[in-house]
Each structure stands twice: as structure tokens, then as C-alpha cells.
Amino acid sequence: MLDLQRLRALHAVSVHGTVGAAAAALGFTPSAVSQQIAKLERETRTVLLEREGRGVRLTDEAWQLADTAAKLLALVERAETRLEERRGVPSGRLTIAAFASAARGLLPSVLADLAVRHPALDARLTEVDPHLSVNLVAKGAVDLVVAHDWDIAPLPAPAGVEQASIGEDLCDLLVPEGHRFAGRAAVRRDELGGQRWICQPPGRVCHDWLMRTLRGAGHEPDIVHQADENPTLVALVAAGLGVALIPRLGRGPLPPGVVEVPLDPMPVRRLYALWRTGAARRPAIAETVRTLQAHWPAVAARTGPPRQAAAHA
């Protein structure tokens with residue numbers, strides 16, 4: 001008989017693409033995941049993973065088995081949901097994927113609150129970009145996702161995935177002190193041409209939003225520096241190397257030399273919780289979504305109004 005945990009390991013590799021990423025999602029070491037799959041190969045007398053460069057690839061037989069594993073795991077999830085629903089309290093393991101600034105600015109207080117009020121619930125967080133996390137929840141690799149979209153680029157929810165709004169996060173233009181925008185009450189989007197921009201790499205939601213916004217205003221962006229982390233982007237602005245559009249959530253206090261300037265209209269990104277329709281009745285999902293929504297007003301209030309510098313001549 002096939003072991004469910006070994007099938008879960010194979011399914012995770014098929015979803016995440018590498019043994020290391022699968023291990024991080026499952027909360028195991030890469031060695032443990034490799035051992036599970038090696039045992040599954042012996043049980044099935046089938047080669048499932050083949051070396052490819054410095055990584056691995058799934059064989060055709062492995063993809064077939066991973067597809068079957070996905071169906072079995074969905075059945076197990078439904079059974080666990082029914083049991084948890086009968087108990088009426090959030091319990092069991094709940095895997096959550098959230099984008100970086102939500103993982104830093106929102107999830108710590110939410111997870112701490114859940115741990116105190118629901119000790120039978122084992123909530124576990126993984127940081128994942130929204131472009132990837134929505135597919136992960138659709139495939140059953142995680143239970144709940146905290147993702148975001150922008151006012152000009154709505155987030156599509158795949159079939160079989162439900163979503164609920166958490167709140168709206170505002171975004172400001174960050175400029176070095178002494179910049180010609182630093183003393184302004186607001187800057188229109190059509191004034192943003194000719195700037196040296198600092199932003200996240202292509203493929204990230206924030207990068208795509210910046211490109212669409214500037215091109216929509218008739219400007220071709222001049223991207224001079226790219227970095228994944230918001231603190232790095234802020235540090236580059238503080239060094240006088242360019243300007244950036246950065247959301248307030250999880251940004252933290254700005255260092256000396258950096259000034260917030262509101263845009264008109266102000267960019268808004270919307271935060272959502274997403275989960276599979278089959279798990280919608282699970283108390284752990286419902287309670288976590290409620291807790292995210294309950295914590296958002298305090299988190300949004302902590303960001304405060306934009307800080308402005310004195311007007312420059």
C-alpha cells in the first residue's frame with residue numbers, strides 16, 4: 001500500500017519544482033523529502049526523480065503518480081474538514097502563504113493571536129510572491145494564501161478558489177531629501193516622467209504595476225536599480241540613487257534622507273485571503289480569515305499619514 005506521506009512529498013516536489021522548495025513548504029529538511037521519495041521509488045519499483053543539472057526532474061511516471069496523489073490529498077482534506085467541522089473549533093495544521101510585506105507587517109500579530117486563542121491549531125507561515133501563491137492554494141500545496149493586487153491590475157482567482165477582502169494598503173512615492181518633489185503636497189502621475197526608478201525585479205506584482213502606471217501616463221520607465229526587499233529599495237533611495245513607489249505595509253520607519261510624497265490619485269493595493277472551495281467550511285480557515293480582517297485596521301493605522309519634508313526652494 002502506498003504511504004500517504006511519501007505521496008505528499010512527491011506532490012510537493014511536483015508543485016514547487018525542487019526538493020528544497022518542497023521541503024520548505026512541508027516543514028521538513030530536503031534530506032527528509034529525498035528519503036521519502038526514495039522509499040516511494042522502492043515501493044513502486046519505479047524511477048520518480050532524475051538528475052538534471054544541479055536539480056531534479058520528475059519522470060513521466062512520477063507526474064502520473066503526483067496527479068493521483070493530488071486527488072488523494074484532496075479526499076483527505078475533505079475528511080479532515082468534516083471532522084474539524086464536527087468538533088466546531090479550529091484545529092490541526094494550517095499552512096499559510098503570504099507575500100513579503102504581509103508576512104512582516106500583518107501575519108506576526110495574527111499568528112500570535114491564533115496561537116493564544118486556539119492552541120489546537122498549528123498555523124505555519126511561508127513567504128511566497130502572489131504570482132506563485134495563488135496557484136499553490138489552487139493545487140492544494142497550501143491551505144490559505146494572503147495575496148494582493150493593484151487598482152489597475154486585478155488578481156484573478158482560479159476556479160475552485162474563494163477569496164475574501166482583508167483591506168487596502170496605500171502606496172507612496174519615496175524620494176531623497178532635496179529632490180524637487182520632496183516639498184510637494186502631492187504629485188500627479190503624469191509628472192513622473194524622467195525619473196530614475198528603483199523597484200523590484202520583473203515578474204513581481206509591484207514591478208508590473210509600476211510599468212503599467214508609468215506607460216499609461218505616457219512615460220517609459222528608466223529602471224536603474226532592482227532589489228527584492230523593500231528595505232533595500234528604501235536604502236537605495238536614501239543614498240540618492242533614484243525614487244521608488246513602495247506600499248506602507250511592512251515598510252517600517254523611513255531612515256533619514258528619505259521623504260514620502262503622496263501621489264494623486266494615490267495607488268492602492270488590495271489584500272485578499274484565498275482558500276480552496278472544498279475547505280471553505282473548515283473552522284480553521286474561517287477563523288484565520290476573521291482574524292486577518294480584525295487585525296487589519298490596527299495594522300493600517302500604524303502606518304500613519306505620509307511624512308513630508310519642508311518645502312525646498
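In this predicted model, strands β6 (residues 161-176) and β10 are paired in the antiparallel sense, with four bridges between them. One of the residues involved is Asp 172, whose bridge partner in β10 is Ile 246. Strand β10 spans residues 244-247, and its residues point in two directions: Ala 244 and Ile 246 one way, Leu 245 and Pro 247 the other way. In a regular strand, side chains alternate between the two faces of the sheet. Each of the four residues Ala 244, Leu 245, Ile 246 and Pro 247 is buried.

Helix α1 comprises residues 4-16 and helix α3 residues 30-44; their axes come within 9 Å and cross at roughly 115 degrees. Helix α1 is therefore roughly perpendicular to α3. The crossing of this pair is left-handed. From α1, the residues Gln 5, Arg 6, Leu 7, Ala 9, Leu 10 and Val 13 meet Val 33, Gln 36, Ile 37, Lys 39, Leu 40 and Glu 43 of α3. By class, this contact of α1 with α3 comprises seven nonpolar, two polar and three charged residues.

Helix α1 also contacts helix α2 (residues 19-26), with axes that come within 8 Å and cross at roughly 120 degrees. The two helices α1 and α2 are therefore oblique to each other, and their crossing is right-handed. On the α1 side the contact is formed by Arg 8, Ala 9, Ala 12, Val 13 and His 16, and on the α2 side by Val 19, Ala 21, Ala 22, Ala 25 and Leu 26. The contact of α1 with α2 contains eight nonpolar residues, one polar and one charged.

Note on methods
Residues numbered from 1 in each chain as written. Predicted model: local features only at pLDDT ≥ 70, side-chain atom pairs only at ≥ 80, totals over all residues. Heavy atoms only, no water. Axes fitted to C-alpha atoms, helices over the stretch in contact; angles between N-to-C directions. Parallel < 35°, antiparallel > 145°, perpendicular 65-115°, else oblique. Left-handed = near helix turned anticlockwise from the far one by under 90°. Contact = heavy atoms within 4.5 Å. Nonpolar A, V, L, I, M, F, W, Y, C, P; charged D, E, K, R; others polar. Buried < 20%, exposed > 50% of the residue type's maximum accessible area, 1.4 Å probe, protein only. Pairing = 2+ DSSP bridges.
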